[in-house]
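Please go through the structure below with its charged pairs, its packing and its backbone in mind. The paragraphs that follow take these topics in turn.

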Amino acid sequence: MVHPADRPAPPPCGDPALTSLGGRERFVAFAFASAECLIETDAHGVIGFAIGAFRSRFGREPPSLIGKPVSCLVAAEEHAMLSIGIATLAGRGRLPPSLIRLNDAQHSQAVLSGLALPGPEGQMRLCLTLAPLPAGLPAATACANRLPPGAGFMRAAEARLLSAPGTPGRLGLLEVTGPAAAQIAAGDVALGGALASALAGHAAPGSLAGSMAPGKFGLLQEGTDTLSLEAAAEAMSALLESRGVAGGITRLELPLDAEGMSDTDTARALRHALGAFTRAGAKGLAESGMGEGLQAFLGVVAQRRGQYRAAIAERRFHLDYQPIVSLADRKLHHYEALLRPDAPLPGVEEFIRIVEGAGLSEELDLAVASVATEACKAGHSIAFNISGLSAQSPRFRKALIEIVDRARLPPGRLLVELTESAEIEDEGQAAATIAALRERGIPACIDDFGAGAASFRYLRAFRVDHVKLDGSYVQAAATQERERSFIASMIDLARAVGASTVAERIETEDDVARMRALGVDYGQGWLFGRPGPLPTLSLAMRRAPIGQPA
């Protein structure tokens, strides 16, 4: 039921451009949906109309939401899921009821549904409803339906920080220790979800709170108010005690003062810090040089820039190759080239973060392209990765095209995967890079599709030949029907633009059967081969390039 304080006085608030439905139709739709909140957005998810229990649910008046992305109402770990829903709604015209966790004080779940309707001048309008969970739905079911969060919180925190320059706010990080950490790592989803709820219950309205990895949580608060980190940690500790689980909560506050830093530096620093914490907790944060805050990252970058530039120029790395096969007949389609820094350089994730932070992404991507292109001359079909930072650079595009033109490879011998380690800001330049490659017979793939909200924009903005589904969905699909339905939606979206699909992390025959049943075309994972050196090809095998772009 809508709280009386939330009942709006006519006329309803909203952008006139989004008022194609009459008042009667809107309220009929609102009542029919049995929803608490009705939201109308454009095709990109920007809110143009809002009505309902926003005050009691979110502590916000409906007019304050106009012009905001609908993702502001949804928990950070659900942003990728929301993007899938928006894309599904725009493509199919309807979004079936789906469980989603909200960005309210309780981090509670609701049922999201939607209908696409024509708007003025042929523009699509998306009508979304948020309704309470059906009576009697077990809490364990709601908890089990949560997806692996990780990148969701990281990307949302980055977006929050960049959207409010000058008011960086405060970032709190909490890590479960002791036997409780081992229990969560072993798969106790219920305990992890309960701890996330305890954290959310102590977050100020409008804060971003969520799980970053099993047993690791973040709390981002805007403004200058005192961060409620101690109270949250105490509540999480009390929860462990009440359940008889031994363990503790380590907490630390990371300064977000970014004075004198560019938006790019700020984004890279936050990504570096959250990545270090996600991988190795407070210890990893200290070892990465980020324990003193974002500005400390500039010192780390300055110290290592020359070292890493020399390592790239001297090719102090090698590529391992992992096969990607057709799920229908197990025939090899191509290999993916995977970067492996040589000792004593750090592991690949840390190496890439420093490279990006130092502005060396283009140099690294060109070096990898050169090595992969040479490997193709032996007759293999190989995909190599380019980052979003590189793809939007005209200088990088020119240098990359020179490399592939000199190689004179048959069409389809070389493939490229666009990674989303950094969000693409200039989609026009990135589209030009992909188009230039495809003109030369080099198919393009969006890597880790679904891991971040931006990947759905890329599917609209770029013409690609393949979409690689993020492995977290593939693994979660083994036990959760919700994830299987999202994979099916992603496959439909890929097919709508003429792209085939690749599933990562295929480790068992059951994974193969599950992905084939959903309609996935290709698979990559340990079941088909671990990363390693390329095999020697016979002369006959060298003559069949594959995967040419249409």
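Glutamate 402 is partly exposed, because its relative accessibility is 36%; the class lies between buried (under 20% relative accessible area) and exposed (over 50%), computed with a 1.4 Å probe on protein chains only. Its side chain forms a salt bridge with that of lysine 398, N to O 2.9 Å, where a salt bridge is a side-chain nitrogen of Lys or Arg within 4 Å of a carboxyl oxygen of Asp or Glu. Lysine 398 counts as exposed, at 55% relative accessibility. The two residues are 4 apart in helix 14, so about one helical turn separates lysine 398 from glutamate 402. Helices here are DSSP runs of H or I with at least four residues, strands are runs of E with at least two, and both are numbered from the N terminus.

The model is predicted, so local features are described only at pLDDT of at least 70 and side-chain atom pairs only at pLDDT 80 or more, while totals for chains, interfaces and linings use all residues. Residues are numbered from 1 along each chain as its sequence is written, and side-chain values use heavy atoms, with hydrogens and water left out.

Side chains of opposite charge can pair when their charged atoms come close. The whole structure has 13 salt bridges. Another of them joins arginine 395 to glutamate 362, with an N to O distance of 3.2 Å. This pair links distant parts of the chain, since arginine 395 belongs to helix 14 (residues 394-407) and glutamate 362 to helix 12 (residues 361-376), 33 residues apart. Arginine 395 is exposed at 64% relative accessibility, whereas glutamate 362 is buried at 18%.

Aspartate 511 and arginine 514 also form a salt bridge, and their closest N and O atoms are 3.0 Å apart. Both residues are buried. They sit 3 residues apart in helix 19 (residues 509-518), which means that about one helical turn lies between aspartate 511 and arginine 514. Elsewhere, salt bridges with shared partners connect Glu336, Glu417 and Lys468 into one network.

Helix 14 also packs against another helix. Two packed helices are described by the angle between their axes and the distance between the axes. The axes of helix 14 and helix 15 (residues 427-439) come within 10 Å and cross at roughly 10°. Such axes are lines fitted to C-alpha atoms, for helices over the stretch in contact, and the angles run from 0 to 180 degrees between N-to-C directions. Helix 14 and helix 15 are therefore roughly parallel, a class for angles under 35 degrees; over 145 is roughly antiparallel, 65 to 115 roughly perpendicular, and the rest oblique. On the side of helix 14, Pro394, Arg397, Leu400 and Ile401 make the contact, and on the side of helix 15, Gln429, Ala432, Thr433, Ala436 and Leu437 do. Contact means heavy atoms within 4.5 Å.

Turning to the interior, what share of the 550 residues of the chain counts as buried? The share is 54%. The largest nonpolar core has 74 residues, among which Phe384 and Met515 touch the most other members. Helix 12 gives the most to this core, with 8 residues. A nonpolar core is a set of buried Ala, Val, Leu, Ile, Met, Phe, Trp, Tyr and Cys residues joined through side-chain atoms within 4.5 Å. Leaving aside residues up to four places away in sequence, methionine 515 touches Leu327, Val474, Ala477, Ile487, Ala503, Ile506 and Val520.

Threonine 373 lies in helix 12 and is buried at 3% relative accessibility. With residues up to four places away in sequence not counted, threonine 373 touches Ile403, Ala407, Leu409 and Leu414.

Some backbone features remain. Most residues other than glycine have a negative phi, and most peptide bonds are trans. A cis peptide bond, with omega about 10°, joins alanine 343 and proline 344, and proline 344 is in the loop between strand 11 (332-341) and helix 11 (348-357). Arginine 315 has a positive phi, near 55°; this residue is in the loop between helix 10 (294-313) and strand 10 (317-326). Arginine 505 has a positive phi near 60° and lies in the loop between strand 16 (500-503) and helix 19. Arginine 315 is partly exposed at 37%, and arginine 505 is partly exposed at 43%.
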